[in-house]
Amino acid sequence: MKSTKDVCTYKARCPGALLLEKGRPLVLRQALRQKHQEAQQACRPHNLPVLQAAQQRELEAVEHRIREEQRAMDQKIVLELDRKVADQQSTLEKAGVAGFYVTTNPQELTLQMNLLELIRKLQQRGCQVGKAAL
């Protein structure tokens with residue numbers, strides 16, 4: 001009869017959720033690999049297939065969680081950028097800059113970006129002219 005002592009000990013010692021609290025995906029993967037190697041070295045040969053299957057499931061779960069956390073972080077970043085754009089549009093609209101108002105329309109956003117680039121170039125030219133006059 002097969003003993004599952006090795007597998008149970010492995011699961012109790014190394015819950016996957018604890019790894020995710022530590023930080024970056026690369027660190028998580030390396031720690032998980034190291035933990036798996038140590039468990040395999042301590043495992044009895046007849047329990048090795050059971051242990052490897054458990055490790056594969058754990059690795060897949062960690063990879064899935066990393067992907068989900070990365071997707072959530074990406075969405076958070078996009079939302080923050082959208083908020084910054086809306087804040088900038090609102091500030092420029094309140095300052096009376098023509099062509100600026102809060103919008104999410106891609107064509108209007110492109111027009112506003114072009115207007116900002118034009119303003120930046122005119123400002124640079126104005127600074128160069130001012131320096132030449134000194």
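Visitor: Among contacts between residues at least 6 apart in sequence, what share joins residues at least 24 apart?
Guide: Happy to start there, with the reminder that this is a predicted model. A contact here means heavy atoms within 4.5 Å. Taking the contacts in the protein chain between residues at least 6 apart, the share that joins residues at least 24 apart is 50%.

Visitor: Which elements make up the protein chain, from the N terminus on?
Guide: The chain holds 5 helices and 0 strands. Read from the N terminus, the order of elements is therefore α-α-α-α-α.

Visitor: How many of the residues, as a percentage, count as buried?
Guide: A residue is buried when its relative accessible area is under 20%. The protein chain has 134 residues, and the part of them that counts as buried is 19%.

Visitor: And what part of the accessible surface belongs to carbon and sulfur atoms?
Guide: The accessible surface of the protein chain comes to about 10200 Å². Of that area, the part belonging to carbon and sulfur atoms is 59%.

Visitor: Which residues form a nonpolar patch on the surface?
Guide: One of them is L81, which lies in helix α4, residues 48-94. The patch has about 280 Å² of accessible area together, and its members are M73, I77 and L81.

Visitor: Is Q112 buried or exposed?
Guide: Q112 is found in helix α5, which spans residues 106-133. Leaving out residues up to four places away in sequence, Q112 touches Q89, G99, F100, Y101 and T103. Its relative accessibility is 3%, and the cut-off for burial is under 20%, so Q112 counts as buried.

Visitor: What is the distance in space between R65 and P25, C-alpha to C-alpha?
Guide: R65 is found in helix α4, and R65 is partly exposed at a relative accessible area of 38%. R65 and P25 are 40 residues apart in sequence, while their C-alpha atoms are separated in space by 9.8 Å.

Visitor: Let's turn to charged pairs. How many salt bridges are there?
Guide: Side chains of opposite charge can pair when their charged atoms come close. The rule asks for a side-chain nitrogen of Lys or Arg within 4 Å of a carboxyl oxygen of Asp or Glu. By this rule the number of salt bridges is 8.

Visitor: Which residue forms a salt bridge with K35?
Guide: In this pair the closest N and O atoms are 2.7 Å apart, and the partner of K35 is E58. The two link distant parts of the chain, 23 residues apart, with K35 in helix α3 (residues 25-42) and E58 in helix α4.

Visitor: Are R83 and E80 buried or partly exposed?
Guide: R83 and E80 form a salt bridge whose closest N and O atoms are 2.6 Å apart. Both lie in helix α4, 3 residues apart, about one turn of the helix. The relative accessibility is 41% for R83 and 35% for E80.

Terms used:
Residues numbered from 1 in each chain as written. Predicted model: local features only at pLDDT ≥ 70, side-chain atom pairs only at ≥ 80, totals over all residues. Heavy atoms only, no water. Patch = residues over 30% accessible without salt bridge, like charges linked within 9 Å, V, L, I, M, F, W, Y side chains within 5 Å. Areas by Shrake-Rupley, 256 points an atom, 1.4 Å probe, with all protein chains shown as cover. Helix = DSSP H or I, 4+ residues; strand = E, 2+ residues; numbered from the N terminus. Buried < 20%, exposed > 50% of the residue type's maximum accessible area, 1.4 Å probe, protein only.
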